[in-house]
Amino acid sequence: MSRFRWPVGGVGVIGVALLAALVLAGVFAPWIAPYRPDETTGSPFSPPSRAHLLGTNDVGQDLLSELIFGVRISLTIGFLAAAVSISIGTLVGVVAGYFGGWVDAVLMRLVDVILVVPFLPLMILLAAYLGPSFWNIILVIGILVWARPARVIRAQVLSLKSLDFVDAARALGVSSGRILRRHVLPGVLSLSLAQFILAAGTAILIEASLSFLGLGDPTAKSWGSTLYYAQVRSAFLSGAWKWWVLPPGLLITAAVLGFAFTGFALEEILNPRLRR
Amino acid sequence: MARFFAGKGVQYALVLLFAVTLNFLLPRLMPGSPLVFLAGEDVGFMTAAQRAQLTEAFGLDRPLWRQYGIYLAGLARGDLGHSVQQGRPVAEIILGRVGWTLMLVGISLVLATLMGVAWGTAAAWRRGRPLDVGSLGAAMLLHSTPSFWLGMIFIAVFAAGMRLFPVFGAMTPGAGLHGWAQAANVAWHLALPLATLTLITIPDMFLIMRYSMLGVLGEQYIATARSKGVGERGVMFRHAMRNALLPVSTVFMLNLGYIVSGATVIETVFSYPGIGRLLFEAVLARDYPVLQGSFFVITVSVIAANIAADLLYPLLDPRVRYAR
């Protein structure tokens, strides 16, 4: 129909390649990074040199090593927060879609409420009360990002529910629990996977914002934390922005883009209705 | 129509209830004395009499539902508590800040919508051509960029580097400017934060406009318009674009929370004295009443903007007006 087909494969390959590179860097961080990220190995605020390719931070730690180890923190938080939110989202979406009626009405009202509340101010409020820690960040992101996936999954369940084999199972007297487990959930899981990938990208972006505002885990520096210290030490007012501000932002963008491309490609492959 | 608004009205009421209840419960459910959160961290330095007086004022010795009543009554009088750090009423502090945020978010919302709509229309019109594919790529890239980082880069390049714009603030302090000179000074300070916020908001508007436009272009009335001899320009603007705009207004509303969130971090980067920066300062100072008050006011503003958009929607879509 159209002269041009959006190169799904191409986009997906770029996404997967970006993610693979980052995951490998994270896994092999101790071997790739020239120093330990928490070690003072140079004088503070050093510009790039042969010993420190991206210079050092305000306490003389190697910035390149900090970024390579930061891959672990940022990706782990992204994955775990996405896992929390997709678990909640899938549960809510399946229950609301399958049971319908007042259960659906109540749950979808909740989704609408969560979607209207300005999420970052709410997360800042929660994170400030809970205190900055690795698990609190994951919890705060996880319990607020599930609303959108829940909506998508509910729509899928609604269309699955109207299919003949579900009707047949019900007519045969199969219990709701079994229908959900054997017939509905398998049809939803692939969609959940795509939503999980997209949510992981969102989670990394949110984690970066929270860490940038000083609400990240002070003992485990993510890319957002690196930018927080760069901001507090006014690195962007001097030439230091080229090696202190630019690289972490590019890494965040690459990770989020990697997740978005992979997620969209997956969605296109798994959801035939999106194909033309 | 009435049912439509009743449904929406219930939803907004629930959002408000959620925000108020969360604000009420958070300090009281946290481990330790709620006084730490309500009155500041120096509870240990207070005399027993002072502590008793504060406990009395917040009604902390009464059952939870009574405390809730006291809290709601205070809120109804516009009492958002006292700032721990500044010793001033929170409502007063916020009132001095909220104007800057409204200006920043309002202007950027209008600009981003106009640009996103124009860009999305152009891309859909040339579907699959280099312009369209390139635009999609650019939009995705921009969408994945952390807004605060973009702001930091802008400051480094345009403010600190080229010295074209100021590095921080909303106007030059103590310059004694009036009238047009002051307006120009404010606009000069606004330029970079506005550009940052607008740039990160455009991709959403672009993506939804392009998608909606593609849908409309497949409709039969577009073929009809073409076959009766309407020019391409006429088809694009009069027939396609007007109808494709409807979903954009819905996304516009859904994105308000997102834009306000973007403004929070961008104000922080630019030390722009809006309510988002206030939120950040409150986090640094552990000033919980200010934190809660800011969250409350931001939520109320988002609800108000939603209601305004709901009221404007029938002007855009006549079908809503007639289908009572």
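Me: Before I read the secondary structure, what counts as a helix or a strand here?

Reply: Helices are DSSP runs of H or I with at least four residues, strands are runs of E with at least two, and both are numbered from the N terminus. In this predicted model, chain B comes to 14 helices and 0 strands, and chain A comes to 12 helices and 0 strands.

Me: What overall extent does each chain have along its principal axes?

Reply: The C-alpha atoms of chain B fill a box of roughly 85 × 55 × 40 Å, while the C-alpha trace of chain A spans about 75 × 50 × 35 Å. Of the contacts in chain B with a separation of 6 or more, 69% are accounted for by residues 24 or more positions apart; in chain A, among contacts between residues at least 6 apart in sequence, 69% join residues at least 24 apart.

Me: Which residues of the largest nonpolar core touch the most other members?

Reply: In soluble globular proteins, nonpolar side chains tend to be buried together. Here the largest nonpolar core has 160 residues, and Met123(A), Ile124(A), Ile141(A) and Ala203(A) touch the most other members. Helix H3 (residues 63-99) of chain A gives the most to this core, with 17 residues. Leaving aside its neighbours within four places in sequence, Ile141(A) is in contact with Ala81(A), Met123(A), Ala203(A), Ile206(A) and Glu207(A).

Me: How many residues of each chain are in contact with the other chain?

Reply: The contacts involve 37 residues of chain A and 42 residues of chain B. Elements that give two or more residues to the chain A side include helix H4 (101-116), helix H9 (176-212) and helix H12 (246-270) of chain A, but the largest share, 8 residues, comes from H5(A). By residue type, the side of chain A that touches chain B divides into 28 nonpolar, 6 polar and 3 charged.

Me: How do I read a helix pair, and at what angle do H5 and H12 of chain B cross?

Reply: One takes how close the axes come together with the angle between them. The axes of helix H5 (residues 90-125) of chain B and helix H12 (residues 275-285) of chain B come within 7 Å and cross at roughly 130 degrees, which means that H5(B) is oblique to H12(B). In this contact Ile93(B), Ile94(B), Arg97(B), Val98(B) and Thr101(B) in H5(B) meet Ile275(B), Gly276(B) and Leu278(B) in H12(B), and the residues divide into 5 nonpolar, 2 polar and 1 charged.

Terms used:
Residues are numbered from 1 along each chain as its sequence is written. Chains are lettered from A and ligands numbered from 1 in the order in which they are written. This is a predicted model: local features need pLDDT of at least 70, side-chain atom pairs count only at pLDDT 80 or more; totals for chains, interfaces and linings use all residues. Two residues are in contact if their C-beta atoms, placed from the backbone, lie within 7 Å. A nonpolar core is a set of buried Ala, Val, Leu, Ile, Met, Phe, Trp, Tyr and Cys residues joined through C-beta atoms within 7 Å. A residue is buried if 20 or more other C-beta atoms lie within 10 Å of its own, exposed if 12 or fewer, and partly exposed in between; C-beta atoms are placed from the backbone. Ala, Val, Leu, Ile, Met, Phe, Trp, Tyr, Cys and Pro count as nonpolar, Asp, Glu, Lys and Arg as charged, and the others, Gly among them, as polar. Axes are lines fitted to C-alpha atoms, for helices over the stretch in contact, and angles run from 0 to 180 degrees between N-to-C directions. Angles under 35 degrees count as roughly parallel, over 145 as roughly antiparallel, 65 to 115 as roughly perpendicular and the rest as oblique.
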